[in-house]
Structures are given as structure tokens and as C-alpha cells.
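Try each task yourself before you read its solution.

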Amino acid sequence: SRHRFWETQPVGQFKDARDGSLPEGPIEPPIPVSAVKQEPYNLPALYEWTTCDIDDDQTCAEVYNLLTNNYVEDDENMFRFNYSKEFLRWALRPPGYFKAWHIGVRVKATKKLVAFITGVPARIRVRDEVVRMAEVNFLCVHKKLRSKRLAPVMIKEVTRRVHLENIWQAAYTAGVVLPTPITTCRYWHRSLNPKKLIDVGFSRLGARMTMSRTIRLYKLPEATVTPGFRKMELRDVAAVTRLLRDYLSQFVVAPDFDENDVEHWLLPLENVVDSFVVESPETHEVTDFCSFYSLPSSILNNPNYSGLKAAYSYYNVAMRTPLLQLMNDALIVAKQKDYDVFNALDLMHNEVFLKELKFGPGDGQLHYYLYNYRLRSALQPSELGLVLL
Ligand SMILES: COc1cccc(CC(=N)NC(=O)c2cccnc2OC2CCNCC2)c1
């Protein structure tokens, strides 16, 4: 059937959706690590497993090239995610990461890298339980090897390697509906360079709108407006961790960040992640925080442009500054840094600013999933506090 693989997995099944009697929590219990399958799953004859050492320049370039040519495209196949090498190194080496979870498939005869899947460890709180999980991402099969049923065996292999570290849950997203989303987010875009977005077909000129009227509509101030708004620095890690933990505690599912995690995931890294604090000019207290990550897209066939520079809203905490003003400052900085578009999902409190700050709805949805963990019922996006890369 449509989900012949996922119907064999410990995930919420559509047929159980109405069964409110099933308990919330792990679907299958852990087993002793010694009882986990010790050897890798079998691949089709022509292929072999490889562990991708992302620190090695050549391997990192192979992973970069595979994703650049074969990873996720938008629904109209006009754009493809173009994660940079520095971004991949950041995304795949958080505190406590396992090299063994950076899994590739090579053609035995040529050693060509033709598929990839990754996991990174994360502590995710679900209601009042902090659960050690793997965040699974970057599942990619070369365009020429699709429908060879490689994805199921890659998912089973990353699951097996995660089990070997005594971790029994995972979190992942997909643009397609699988059994069974814990929530479904809509994505929204805020134009920063409307002329380019219309030229490349990302946006369309509004009805009764001219190009100059459109450019005026999206114009932003040259400078941020919040007093004390500045780049985050290492000395802010403790304060940002406190701010973020307090803020995320209100969501049903959210990361359980400690200072080590905040230092890795939220300290600015050029062309990878930008983060800002509001330091009160009077008290020097850190009162607010906002961040976005850099995920460009290749433009698949446009005569004038090859790349789209896109910022993706990450974690934002508005305690003293109005969220609208904080996020407008984030838009202003993204425009200063020459981003073409600022993307956001409708999770956390993002609804507050999406309409007010001239975001337009995207034409797709991003579904969130938990592996081997059942929720009694699906969440509203506003109950979700987890942003995956
Ligand atoms: C503009 O270029 C694109 C290239 C490929 C796909 C899409 C549409 C799309 N699927 N967008 C998202 O999934 C998306 C939209 C807003 C915010 N985060 C998102 O995805 C993130 C999180 C999941 N992993 C990919 C990046 C757009």
C-alpha cells in the first residue's frame, strides 16, 4: 500500500488515530543494546555503506554535491535547497554527535556517493518528559536511483545505529504526509528583494500592483529600531539559555537546550546562523533574543540568477520588546545582509508576526513526526517549539 514501509514501524498509525485509549509515550520499549542487530542492513548488491566524515574536505564536498544536485525541491521544481558545506558541518556536529550517524551509500564499483541520511542527538521535552532522541535529516537518494526502495533500508540503518547508542526515539520533518504527523505547519515568506523574487518566479506581482509599488510595499528601514539590539556574543550564552529555556517551557514539544547546546546552535556563524540579543541600555540585562539560519536555494533554470539567498526564522524570544518590533528588526538585519527572502513556519508564536509583517503564505506544508513516541492527539502548530534545519 501507500505506506507499506511506515506500517511496519513503531509510529502512530492512521488506523489508531481515533483510538484515544492508547497511552501517550513510547510505542515499543527499549531492548538491551546487546540485542540490537550488530551488523548493517543489506543493501542491493551494487551498493555499500559508508560513514561520511564531514570533517574531511573531500567527503564534505561529496555530500555537498549530492545534496546540491538531488535534495528537496519546491512543489514546482523551480528551486532546490543548497545547504553550504559550513552549514552541514554546523548542523551535523552538535555536542555529543556520533560520526557513525552520518551515513552514506556508495556504488561499490566507482565509490560514487549516491545516497545520504543523518542523525544528531538531541534532548527533546515532550510535555514534562525530557527524551533523548535522534533528529533525523538530510535523507537524500540520487535522482537516478529513486524507487529502488533505498530510503526504507537507509531509515532502518540509521535507526539501528541510533539504537546502538541506547536511544529509542527520533524527530523528523517531511513535506509529505506519512503515518502520522504530530502537527502540520504552513510556511510563510517575507519578501526582502521583491524584484528578484518576481524575476525568478518565487513570487508573483500582486493584482493591481506595479513593480515600483511592490518594491515600496516591502521597503524596510536601513537600521534596526530596538535600543540595545546587537549581535549575540559568547558572553551572552548563560543569559540566552535562561531566556530560551523559560520561553520554550510553554510548548508541548521543544528542545531542552543547555548552555553547551546554546553555544553550538545559537552563537553567530557567518553565512550559517545569525543571532541577536536586546541588551537593556539601562540595566544591561539581556531581555530578548532572535535568530535565523541561512539556507540558500539553487534556482533551477533562470537566465539571470543561479541562487536565492534565504533566511529561515529559528528561535525568537520576545520578553520586553514587542515580538512584532523584534522580528521587524530581524527582517531589517536580513535585508542588510542581502537576503532575498525571510521564511518562517507558523509554529510557536509566529502567527503574531506573519500577517502583520507582510509575510505571504507559501504553497506547501511541513509535517513534523516523532518515531516510537505516541501523542494522544495531534498538536496545534502553536504548541510546537522545535525548529529543525
Ligand atoms: C525556495 O526554495 C525551496 C527549495 C526546496 C523546497 C522549498 C519548499 C519547502 N519545502 N520549504 C520548507 O520546507 C520550509 C519552509 C519554511 C521553513 N522551513 C522549511 O523547511 C526547513 C525545515 C525542514 N528542512 C528543510 C528546511 C523551497
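**Exercise 1.** How far apart are N and O in the salt bridge where the side chains of Asp-55 and Lys-99 meet?

*Solution.* Start with the ground rules. This is a predicted model, in which local features need pLDDT of at least 70 and side-chain atom pairs count only at pLDDT 80 or more, while totals for chains, interfaces and linings use all residues. Residues are numbered from 1 along each chain as its sequence is written, and side-chain values use heavy atoms, leaving out hydrogens and water.

Next, recall the rule: a salt bridge is a side-chain nitrogen of Lys or Arg within 4 Å of a carboxyl oxygen of Asp or Glu. For Asp-55 and Lys-99, the N to O value is 2.9 Å. This pair links distant parts of the chain, 44 residues apart: Asp-55 sits in the loop between E1 and H1, and Lys-99 in the loop between H2 and E3. (Helices, H or I, of at least four residues and strands, E, of at least two are DSSP runs, numbered from the N terminus.)

**Exercise 2.** Which side chain meets Arg-93 in a salt bridge of 2.6 Å?

*Solution.* The partner is Asp-55, with 2.6 Å from N to O. Now place both residues: Asp-55 lies between strand E1 (47-51) and helix H1 (57-70), and Arg-93 lies between helix H2 (85-92) and strand E3 (102-107), 38 residues apart.

Then check accessibility, where buried means under 20% relative accessible area, exposed over 50%, and partly exposed in between (1.4 Å probe, protein chains only). Asp-55 is partly exposed at 31%, and Arg-93 is partly exposed at 31%. Lys-99 also counts as partly exposed, at 34%.

**Exercise 3.** Why are Lys-195 and Asp-199 separated by about one helical turn?

*Solution.* First find the helix: both residues belong to H4 (residues 194-199). Because they are four residues apart there, about one helical turn separates them. Lys-195 is partly exposed at 40%, and Asp-199 is partly exposed at 33%.

**Exercise 4.** How many salt bridges does the rule give?

*Solution.* The count comes to 27 salt bridges. As a last step, look at the confidence: pLDDT is the predictor's confidence in each residue, from 0 to 100. The chain averages 97, and 100% of the residues score at least 70.
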